[in-house]
Amino acid sequence: MKSLFYLILSSSLGFISNSWATDPNPILMTEDQLQIEQAWIRAVPPTMDLTAAYMHIKNLSDQELILQGGHSPAFEKVEIHKSVIENDLARMIPIDTLSIPAHQNVQLEPGGIHLMLIGKKQTLEEGKLVSLQLQFNQGQYTLELPVKRKEKEAMPHHSH
Ligand SMILES: [Cu+2]
């Protein structure tokens, strides 16, 4: 009897821990619907447990694309934030969704809109690649972002 109880308990706990955001049949977005460029995550000291991700998102489709959130195995939580200046103080406001109109681009960059990565679960040394799954109204898109110190390193200058 006792072992049956533990069996039920452990299987239900297993269910709870795996049930977050796992859509059994996710719709995956394709490269002809959207393009993500210059994606990077800011490197932070080992003692800091949060950082931000930046990228340029191009909506190549005929429909509005709405970013609804994200997940990363390297963080407990991903939030969409907007940086604002109020009374000469810079602060960040979480926003629920981010709209990218049909055939338009949105830039997530330092001092503007960004993805806040909260509750770091592993060390993020420079050059490491971190997987990030983005949830849009049209489906899911997963990408790998390099960890960088500065934006500049993420945008190599091509001389012509
Ligand atoms: Cu933020």
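**Close-ups of a predicted protein chain**

**View 1. Contacts that reach along the chain.** Of the contacts in the protein chain between residues at least 6 apart in sequence, 67% link residues at least 24 apart; a contact here is two residues whose C-beta atoms, placed from the backbone, lie within 7 Å. This is a predicted model, where local features need pLDDT of at least 70 and side-chain atom pairs count only at pLDDT 80 or more, while totals for chains, interfaces and linings use all residues. Residue numbers start from 1 along each chain as its sequence is written.

**View 2. Helices and strands in order.** The protein chain has 2 helices and 10 strands, running α-β-β-β-β-β-β-β-β-β-β-α along the sequence. Both are DSSP runs, numbered from the N terminus: helices are H or I with at least four residues, strands E with at least two.

**View 3. The largest nonpolar core.** A nonpolar core is a set of buried Ala, Val, Leu, Ile, Met, Phe, Trp, Tyr and Cys residues joined through C-beta atoms within 7 Å. This one has 25 residues, and those with the most contacts inside it include Ile41, Tyr54 and Leu145. Among the elements giving it two or more residues are β1 (34-42), β2 (50-59) and β10 (139-148). The largest share, 5 residues, is from β2.

**View 4. Around Leu145.** Leaving out residues up to four places away in sequence, Leu145 touches Ala39, Trp40, Ile41, Ala53, Leu129, Val130 and Leu132.

**View 5. Thr30 in its loop.** Thr30 sits in the loop between α1 (2-19) and β1. Thr30 counts as exposed because it has 11 C-beta neighbours inside 10 Å; the cut-offs within 10 Å are 12 or fewer other C-beta atoms, placed from the backbone, for exposed and 20 or more for buried, with partly exposed in between.
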